[in-house]
Amino acid sequence: GGVEVRDGGDGATKDASGPLKLAVVPKAVGADYWNTVKAGAECAAQRAGDVTVQWDGVTTETDVEGQVNLIQNFVTKKVDGIVYAATDSSALAPATDKALAANIPVAMIDSGTSPQPSNVPLFATDNRASATEAAKLLATELGPGDHQVALVEFQPGSQTNTERVDGFKAGLAQFPNLKLVGQQPSRSDVNEARRVTENILTANPNLAGIFAANEPSVLGAAQAIQAAGKSGKVVIIGWDAAPDEIAGVRSGQISALVVQNPFKMGYFGVDKMVKHLRDKAPLASADTGVTFVKKENIDSAEIKAVLEPSCANPPVQ
Amino acid sequence: MSTVEATAGSQRGEFSDWVRERISHAVSELTAATALVVLFIALSFASPYFLTADNLFNIGAQTAVIAIIATAQTMVIITKGIDLSVGSVAALAGVLGAMVVRDLGFSLWAATVVAIGVGALAGLLNGLLVTVARIPPFIATLGTMSVGRGLVFIFSGAVGVYGLPRSFQLLGNGEILGIPFAVVITVLVAVGVAFLLSQTRFGQYTYAMGSNLEAARRSGIGVRRHLTGVYVLAGVLVGLGGMIAASRVNSGQPNYGISLELDVIAAAVIGGASLFGGQGRIVGTIIGAFLIALVRNGAVLLDISIHYQQVIVGLIIWAAVYFDQYRRRRLEARG
Amino acid sequence: MSTVEATAGSQRGEFSDWVRERISHAVSELTAATALVVLFIALSFASPYFLTADNLFNIGAQTAVIAIIATAQTMVIITKGIDLSVGSVAALAGVLGAMVVRDLGFSLWAATVVAIGVGALAGLLNGLLVTVARIPPFIATLGTMSVGRGLVFIFSGAVGVYGLPRSFQLLGNGEILGIPFAVVITVLVAVGVAFLLSQTRFGQYTYAMGSNLEAARRSGIGVRRHLTGVYVLAGVLVGLGGMIAASRVNSGQPNYGISLELDVIAAAVIGGASLFGGQGRIVGTIIGAFLIALVRNGAVLLDISIHYQQVIVGLIIWAAVYFDQYRRRRLEARG
Amino acid sequence: MATTPTATADSERQPTATEPPVLEARGIVKRFGHVEALRGADFTVHRGEVVALIGDNGAGKSTLIKTLSGVHPPDEGEIRVGGRPVQFSTPLDARRAGVETVYQDLAVADDLSVAANLYLGREILRSGPLGRLGLLDKRAMRNGAAAALDELGVRIPRVTTPIAMLSGGQRQCVAVARAIIWATSVVILDEPTAALGVVQTQRVLDVVRRARDAGMSVVLVSHNMPQVLEIADRVEVLRLGRRAARLRTDEVTTDDLVAAMTGSLSAERDER
Amino acid sequence: MATTPTATADSERQPTATEPPVLEARGIVKRFGHVEALRGADFTVHRGEVVALIGDNGAGKSTLIKTLSGVHPPDEGEIRVGGRPVQFSTPLDARRAGVETVYQDLAVADDLSVAANLYLGREILRSGPLGRLGLLDKRAMRNGAAAALDELGVRIPRVTTPIAMLSGGQRQCVAVARAIIWATSVVILDEPTAALGVVQTQRVLDVVRRARDAGMSVVLVSHNMPQVLEIADRVEVLRLGRRAARLRTDEVTTDDLVAAMTGSLSAERDER
Ligand SMILES: Nc1ncnc2c1ncn2[C@@H]1O[C@H](COP(=O)(O)OP(=O)(O)OP(=O)(O)O)[C@@H](O)[C@H]1O
Ligand SMILES: Nc1ncnc2c1ncn2[C@@H]1O[C@H](COP(=O)(O)OP(=O)(O)OP(=O)(O)O)[C@@H](O)[C@H]1O
Ligand SMILES: [Mg+2]
Ligand SMILES: [Mg+2]
């Protein structure tokens, strides 16, 4: 059977053995990261058999109300289960409640809600802790002595952004020799990321390190540093694992990447939901873990599985 | 050939004139309304979940904020203006409304007053920029949009305002007799503004200023005062809308309303308003807002991905306005 | 009291008339230009890094795409139109340009032709929607914006187009005699379009259509053909701009250009274009684009947070247009 | 002509008038950019007289009228009402002083109906508390508008038709009717009959005479010399932004007027 | 009057003319929404004659003229040029057939200069390859415009002034000059002298006579009956969207014309 097993529109059935229709909602569509989540979700659906995944999301992570509406529309549609990543922990809490009230089980991936109902699991990594880890990595790469560092965030005011920024700053606080001299947003646009990085480099010719907090930010920052002829001289710690980011790690432009396991999130979300629906298995949260990808470990089997996930050999252990 | 009939249009009786006028007035809305009805029927057949009270109320609640802010936008558009700052101002109002609840312990109603006040101030600023500083509305409100968003970030520290009491949700998620509160407010706002525009002197001046500002001025209308008034009133509604949006998501979201202006302008124009001023009615705008909402709702029910949704929304916008223009031309050309 | 002087304005000599006319033409740009110079000098003092060749070329390259697309927008605005689709179309052109290189092995130049072709097609679509379907430009291009973004996502699978050869970067990152290639292209485009608008029949028709479409039609101008031509030419430039943007970041980005339309419209209006048509010049637009870029550059150099940047950009937009309007009024009122 | 006695009575009163002019402009200068439209223009209207303001195209007539009705504040010079200097900074100021104007460029709101345009700025409100809320009495305005237009003999499809759909003459009739309904002291008409038919023109002239007989003053701008001689008591001639002549209609011929406008005759009698 | 002989010669030729009319409208119906502006209007112009088209305000004169010049395609009826039926679907079609029009609402582009307006749609290009690229010869257009306006005796600040800054009469002069420069076969003038001064009006009438003498046909819409009688060879009267009368100017008085317009006289002589 294919991934998209249609059930002829009669998705209201709760027959445990019958076909299942699950809604899987990312924070936003349009990034490599979320596509990997989708691949994981579809892999789980395929393996379980007779499960349809309806993948739909808003176009920007900031469209919180749009996501509330979307979840509500899925409740209306009476899908069998909803797996989603909350764009905002507080704002989506009522949406989760409404789904539960309509007897639709919910599983969260990547980002949960607050409060998080006890019967709603969360399959995620801790953004804050990972960002703190990234700051430590940056300090290690730069070594002792005073250094100027900069931060390229993506969307001020969005929760993921806030968590990564806070985590990174908390990490920096442990290293008094690192001075944060610039913090500018990329608005998740590579051109914009490149522009602000160029300007930060101009203002701080002695800049030694950059932490870029998501895919477009990393790519833009790397472009700017390369264009300024400072490749290798400015340490970049990035996030996510788009192909050009991996290439950057290989070429030494990027020192390290914080890589989550989006495949696992998608996979767990659907897999546990299906088991819950079919076997009444209780839903329990799990940490999907992060990996720090560097030039040294990039070819290890474990990292390869995370970077190039495939349903034949899913990185879900 | 030598006799001349005297049957001019003016002699055909008052009632039939009145009927014809109503029809010609309704034309611009008719197309959008027809599209709305067609879409409604199509969706009823296409999805078993569409025609349920729950879903319809959901659509109503989802569209409430857009409809209220589109109403505000319509007033501004009628004056030949445009308000690009609606998204920022709604966010500012929502965030400040949430902050006074969280930090100062205001009640929901007091917070709503604060949000409305924020909107009114922003509207006053827009109005003064347009009338006193004589900056064209597009630029005046573009500036307010930028400044407003900056202020939201500065006030909120670029972090959502959380930790609100459950009561904060009442405005956006509460119900009266099973009808979402937000829907009730929307209806009140729409009816009120429609009445204001069509039946009062304020409305008359609004159309007059949009149609020919110089003529309005020479007619002794205090155009500065009235134009500023329109912007303030629009700001009030935008503030209210921002508060409802915040209440719906139980938090103040600094990123709320990015590119909201395009949605509400689209609603107004689909509903027959002209960006060149002097034309536009609230009933059309509301229909336009629901048309867009219905497309979005239907797309989810029918499992159409967001990418195709965007294509479809574009096509519907084109189609609605095309047929509207076509009808108007036909009506003007042939009767 | 009984003699009448014959010193009418028309007798004061051709040269001084010519000078006066030049000045009055330059007025709209003057304000923006003054602001640009003031800002430039202020930044030179405020930041030691500002006045370096590297930084200035950076600013030039950063602004290239905006300036090219703002040039396109200015042409459309002169016709009393507006093009909201520039961001989507630029993204579509960049993504498809990158895809033909990656998947079909096209050369950079062939890909640029593809990107320009994509832009031209989108422009043709906009033009036909406006002239044949008679949909107002705001709505026609709003639809194209939505459809275009949907198509970018559908074609790219909502993922950036990566894995491009190094040669792909030439357009955006290459240099000629130390001057960024993108800057050279921008200068060529700006000079070319400025010449077209001010010295040719095509330009004359562009202003005429924006000033009074009906008069243009009655004067025997093929308004459909010419208006469509303006949109196509604008699309060509947008496609080119999208390709340069993609080349600069060595990848096709489906999210490129969201809300780009506001930036470029702001550049045009700061430079003296009127959204009510018939007015606007490329020099002004280029100055407007650089004014905005300089503010953004300066803000980063001075480490001003994005929040305050937004406030400052808003204030500068207001100030530039306010003084522009003020000068024009003064000039009209007193000479 | 039925009105001659009145005209004579008026004109006899003028030269020795102790009563100050109802409306007077002194040394008005108005520049647009580097064009000097008015270069020290003077103008006088007394109570109960019809004064024609004539001049070549571009002489500055419309500009003078716009300064008299508060549309353009003058750059120099002063305006006096009943002898007292006033500042008209908005059209509303002029209106409050009793000056009602029909502009050459009409200044009507195309999207509004004929009735709405007639009552623009002076809407009839419902009686009672609803009225205080600004509620319009649309029926009353429709009826009033129909009556006013009937008086001018215009055939207009309906008073609810938007002005945009009217013919050139119909539009002008609406503008004239509007000024005439509301006039209390001075009516200024800038080429009011330019687009009007023969019948409508006669009606407008009748209305002008009736207004004068009712004690109002009328300022008429016209390029139609026979019309000027027929209706006006006095003529003031503007040339290149200045008053070039003041003439009594009972003393001059069309040729004199043309000569004054083109500059071959200068007959400014300074009263000061 | 110097032109009477020509007029007589022309008018003698007319009644028995074997040559088909240069421009003819038959049974034109034009509706705007529920307003029927033309209800089967007929109209004829022969070569070398000046025909006045008169009628009350709102009679449909401007609408008829717009159908004759391709602005409004008629809903019913046909237009013939030189006896052959034609379809004017755009103004360019009418122009190609040699019909040049001054519209009552002028239709000028406010932001463009006087010179640019005069040459709009017929710009002078540079000679040589640059011209083929569309490069304008601005100097030639400025000089041409100045000469054309001089001929009409208009005083205009400069030909590079935007039209928006002109007085009402100056604008009208520009519109008239534009039509006259380009006319080859038929010139239609919709109230061309309404805003013009005495001198300018005479110049326009002179130009009309010269055009007629050069073998062109002129259609003149006017509410000025003495002017009509002075200049026109023939008068066609429109009433309520139909031709109500066709008159020879040498046989009628102003009162006859007024009677025809208001409906108290009906003198339509059907030629068919
Ligand atoms: N665009 C339009 N839309 C609707 N009605 C129109 C339009 N143009 C003209 N009409 C109507 O058609 C009728 C004839 O108008 P037209 O302009 O042809 O009159 P006219 O004879 O030129 O009058 P005038 O002497 O006042 O210029 C009028 O009743 C007018 O209201
Ligand atoms: N808004 C304006 N901007 C620039 N110049 C203007 C403006 N209004 C009038 N002028 C100029 O002032 C002069 C006088 O114009 P005005 O309209 O007063 O003339 P007028 O006597 O009314 O002429 P007409 O008989 O043609 O109506 C003209 O040369 C005109 O170009
Ligand atoms: Mg005038
Ligand atoms: Mg007419």
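Modeller: Please bear in mind throughout that this is a predicted model.

Colleague: Between which chains does ligand 1 lie?

Modeller: The shell around ligand 1 holds 20 residues, and the closest include Ser167(D) and Gly169(D) as well as Lys61(E), Ser62(E) and Thr63(E). Two or more residues of this shell come from helix 7 (168–182) of chain D, and likewise from helix 2 (61–68) of chain E. Ligand 1 accordingly lies between chains D and E.

Colleague: How far is an oxygen atom of ligand 1 from an N or O atom in the side chain of Ser62(E)?

Modeller: Polar contacts are taken here as N or O atoms within 3.5 Å. On the chain E side, a backbone N or O atom of Gly58(E) lies 2.8 Å from an oxygen atom of ligand 1. For the side chain of Ser62(E), the distance to a ligand oxygen is 2.7 Å.

Colleague: How many residues of the shell around ligand 1 are polar?

Modeller: The shell divides into three classes, with 6 residues nonpolar and 3 charged. The number of polar residues is 11.

Colleague: Why is the site of ligand 2 shared between chains?

Modeller: Of the 20 residues around ligand 2, those that come nearest are Lys61(D), Ser62(D), Thr63(D), Ser167(E) and Gly169(E). At least two shell residues are supplied by helix 2 (61–68) of chain D, and at least two by helix 7 (168–182) of chain E. The site is shared because the residues that surround ligand 2 come from chains D and E.

Colleague: What percentage of the area of ligand 2 does the protein bury?

Modeller: Oxygen atoms of ligand 2 lie 2.9 Å from a polar side-chain atom of Gln104(D) and 2.7 Å from a polar backbone atom of Met165(E). The side chain of Gln170(E) has an N or O atom 3.3 Å from a ligand oxygen. Taken alone, ligand 2 exposes 630 Å², and the buried part of that is 88%.

Colleague: Turning to chain A, which are the edge strands of the open sheet?

Modeller: The sheet has 6 strands in the order 2-1-3-4-5-11, with parallel pairing. An edge strand pairs on one side only. Those strands are strand 2 (51–55) and strand 11 (286–287) of chain A.

Colleague: Which residue is the bridge partner of Phe123(A) in strand 11 of chain A?

Modeller: Strand 5 (residues 122–124) and strand 11 of chain A pair in the parallel sense over 2 bridges. In strand 11 of chain A, the partner of Phe123(A) is Ala286(A).

Colleague: Which helix of chain A packs on the sheet and touches strand 1?

Modeller: The helix spans residues 262–279 and also touches strands 2, 3, 4, 5 and 11 of chain A. Its direction makes about 150° with that of strand 1 (20–25) of chain A. This element is helix 9.

Colleague: Lastly, which chains share the most contacts?

Modeller: Chain A does not touch chain D, their nearest C-alpha atoms being 37 Å apart. Chain A does not touch chain E either, again with 37 Å between nearest C-alpha atoms. Of the 8 pairs of chains in contact, the one sharing the most contacts is chains B and C.

Terms used:
Residues numbered from 1 in each chain as written. Chains lettered and ligands numbered in written order. Predicted model: local features only at pLDDT ≥ 70, side-chain atom pairs only at ≥ 80, totals over all residues. Heavy atoms only, no water. Near = heavy atom within 4 Å. Polar contact = N/O pair within 3.5 Å; in protein donor to acceptor, adjacent residues only side chain to side chain. Helix = DSSP H or I, 4+ residues; strand = E, 2+ residues; numbered from the N terminus. Nonpolar A, V, L, I, M, F, W, Y, C, P; charged D, E, K, R; others polar. Pairing = 2+ DSSP bridges. Contact = heavy atoms within 4.5 Å. Axes fitted to C-alpha atoms, helices over the stretch in contact; angles between N-to-C directions. Areas by Shrake-Rupley, 256 points an atom, 1.4 Å probe, with all protein chains shown as cover.
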